[in-house]
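The sequence and the structure are shown below.

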Amino acid sequence: AKEAKVILEQSNLKVGSIISEGEILDTINAIVINQRPLSESKLQAGDMVDLVIKQFIDSLQSTDSTIIE
């Protein structure tokens with residue numbers, strides 16, 4: 001989640017809500033498994049992006065996650 005925040009800031013975007021999937025023990029090192037709006041969306045500087053995080057990558061049950069570019 002830490003890397004996602006840096007990428008968003010470099011793109012002049014802001015972190016919106018952080019939604020946890022399952023138990024999160026360490027939000028800094030959690031894995032971003034999805035985002036809203038999706039990466040294909042057209043955003044303007046200052047827009048907020050919600051992040052869906054999960055604690056461990058090996059606990060992912062789905063492969064339809066979106067990568068922040």
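## Overall architecture

The model is predicted. Its chain contains 1 helix and 3 strands, and these elements follow one another in the order α-β-β-β from the N terminus.

The chain has 69 residues, of which 22% count as buried. Its accessible surface amounts to about 5000 Å², and carbon and sulfur atoms account for 49% of that surface. When contacts between residues at least 6 apart in sequence are considered, 68% of them join residues at least 24 apart.

## The nonpolar core

The largest nonpolar core is made up of 8 residues, namely Ala4, Leu8, Leu13, Ala30, Val32, Val49, Leu51 and Ile53. At least two residues of this core come from helix 1 (2-10), and at least two from strand 3 (48-54). Strand 3 provides the largest share, with 3 residues.

Once neighbours within four places in sequence are set aside, Ala30 is in contact with Ala1, Ile24, Ile53, Lys54 and Gln55.

Two sites deserve attention for their backbone geometry. As a general rule, most residues other than glycine have a negative phi, and most peptide bonds are trans.

Asn12 is not a glycine, yet its phi is positive, at about 60 degrees. This residue sits in the loop that connects helix 1 with strand 1 (14-20). Asn12 counts as exposed because its relative accessibility is 52%, and the cut-off for that class is over 50%.

Which residues are in contact with Asn12, leaving aside its neighbours within four places in sequence? They are Gln44, Ala45, Gly46 and Asp47. For Gln44, the separation along the chain from Asn12 is 32 residues, while the C-alpha atoms of the two are 8.1 Å apart.

## Backbone geometry: the Arg36-Pro37 bond

Arg36 and Pro37 are joined by a cis peptide bond, with omega at about -5 degrees. Pro37 is located in the loop between strand 2 (31-36) and strand 3.

Definitions and conventions:
Residues numbered from 1 in each chain as written. Predicted model: local features only at pLDDT ≥ 70, side-chain atom pairs only at ≥ 80, totals over all residues. Heavy atoms only, no water. Core = buried A, V, L, I, M, F, W, Y, C linked by side-chain atoms within 4.5 Å. Buried < 20%, exposed > 50% of the residue type's maximum accessible area, 1.4 Å probe, protein only. Helix = DSSP H or I, 4+ residues; strand = E, 2+ residues; numbered from the N terminus. Contact = heavy atoms within 4.5 Å. Areas by Shrake-Rupley, 256 points an atom, 1.4 Å probe, with all protein chains shown as cover.
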